[in-house]
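Biologist: Please pick one part of this model and take me through it closely. I would then like to see how it connects with the rest of the chain.

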Amino acid sequence: MAYNDSITRTGADALIPEDVSREIIQNVPQYSAVMSLGRRLTNMSRRQRRMPVLASLIIAGFVNGDTGLKDVSSISWENKYIYAEELAVIVPIPEAVLDDADYDIWTEIRPRIEEAFGAKFDAAVLFGTNAPSDWPNGLLPDATTAGNTVTLGTGTDIYDDIMAENGVLAKLEADGFMATGHVAAISMRSKLRGLRDTNGNPIFQRTVQAEAPYELDGGPMWFPPTDPTYGAFDATSALMFSGDWRQLVWAIRQDVTYKVSTEATIQDAAGNTVWNMFQQDMVALRCVMRLGWQLPNPLNRFNSTATRFPFSALLPT
């Protein structure tokens with residue numbers, strides 16, 4: 001019988017991920033405006049998921065007289081794909097800190113990891129920031145290409161910029177979409193608080209919805225942090241996004257994987273060693289999440305051209 005066996009930290013890894021992964025997947029959307037507003041698909045069984053998207057519409061016609069010819073029409077689809085890409089973080093912790101801490105380090109770290117995942121995903125979807133090459137360009141680049149942007153100050157006031165005939169919402173509606181929600185920089189709150197409709201009623205107000213405490217024109221409104229470290233919202237590039245968030249879909253390739261290592265070596269992009277876990281008596285906590293998103297953007301009766309886009313943006317001056 002062996003007397004020197006023990007359950008090591010590495011050996012326990014297989015026992016840790018399942019419950020932790022489910023909790024992280026459940027919690028990440030509360031830190032992500034895009035995940036909260038968009039439509040989550042079932043988990044992906046492989047890296048790529050194909051989605052057939054309507055590419056042409058059926059056209060009917062009236063028959064000319066009793067013997068007139070009836071119109072003949074067809075319908076077609078094209079493929080769009082979601083690619084699951086890896087989002088990851090490693091958190092090195094000195095073992096001395098773990099030994100001296102009088103509270104659960106993991107409990108403190110996990111919400112910050114969830115926050116980091118949500119922020120990185122939002123930045124990639126909204127602005128295309130550091131996005132994988134096989135993901136869509138981002139809402140701002142594609143809204144700009146589609147002509148669905150309005151610069152602050154274009155109209156008489158901010159009410160016109162958002163609500164009037166040539167405003168942000170009108171750009172969306174011209175393409176056949178209705179705004180189901182909005183995501184904006186925190187600086188927009190002060191600009192919106194004084195807005196009133198023609199009857200003097202505020203159009204920006206608090207709601208009782210736990211997931212989005214504010215609403216604009218009846219749609220929930222999110223304000224991701226604009227701290228450069230957090231990185232979710234770049235207020236220098238856009239002030240607000242409005243869109244039909246039902247058109248934006250996202251999916252997870254697998255649950256979050258979680259691993260602890262006491263012997264890993266962490267290097268920078270140049271190959272220089274930054275941390276050596278064994279040599280420096282440290283522990284590395286690694287979390288990995290694989291997910292992707294897409295905008296199917298099918299044809300509709302309002303705009304059947306390639307210029308249609310289900311999102312519009314308000315730009316800073």
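Modeller: Helix 4 (105-127) has 23 residues and spans 33 Å from its first C-alpha to its last, close to the 33 Å expected at 1.5 Å a residue. The expected span is 1.5 Å times one less than the number of residues, and helices (H or I, at least four residues) and strands (E, at least two) are DSSP runs numbered from the N terminus. After helix 4 comes G128, which has a positive phi near 80°.

The model is predicted, so local features need pLDDT of at least 70 and side-chain atom pairs count only at pLDDT 80 or more, while totals for chains, interfaces and linings use all residues. Residues are numbered from 1 along each chain as its sequence is written, and side-chain values use heavy atoms, with hydrogens and water left out.

The largest nonpolar core has 47 residues, and F121, L126, L139, F241, W245, L248 and W293 touch the most other members. Elements that supply two or more residues to this core include helix 4, helix 5 (139-145), strand 11 (249-261) and strand 14 (282-294). The largest contribution is that of helix 4, with 10 residues. A nonpolar core here is a set of buried Ala, Val, Leu, Ile, Met, Phe, Trp, Tyr and Cys residues joined through side-chain atoms within 4.5 Å. Buried means under 20% relative accessible area, exposed over 50%, and partly exposed in between (1.4 Å probe, protein chains only).

Leaving out residues up to four places away in sequence, W293 touches I82, F121, V125, W135, P136, G138, L139, L248, V249 and W250, where contact means heavy atoms within 4.5 Å. A second, separate core has 19 residues, among them V150, I158, I162 and V168.

D134 forms a salt bridge with R47, with the closest N and O atoms 2.4 Å apart. This pair links distant parts of the chain, 87 residues apart: D134 sits in the loop between helix 4 and helix 5, and R47 in the loop between strand 1 and strand 2. A salt bridge is a side-chain nitrogen of Lys or Arg within 4 Å of a carboxyl oxygen of Asp or Glu. R47 also meets E85 in a salt bridge (2.7 Å, N to O). R47 is in the loop between strand 1 (39-40) and strand 2 (48-56) and E85 is in strand 4, so the pair ties together parts 38 residues apart in sequence. E85 is buried at 19% relative accessible area, whereas R47 is partly exposed at 34% and D134 is partly exposed at 22%.

The structure holds 4 salt bridges. Another of them joins the side chains of D244 and R246 (2.9 Å, N to O), and D244 is buried, with a relative accessible area of 3%.

F241, named above as a core residue, lies in strand 10 (residues 240-243), where M240 and S242 on one side and F241 and G243 on the other are all buried. Strand 10 runs antiparallel to strand 6 (residues 181-184), joined by 4 bridges, with G181 opposite G243. Strand 10 also pairs with strand 15 in the antiparallel sense over 4 bridges, and there G243 stands opposite F311. Two strands pair if DSSP finds at least two bridges between them.
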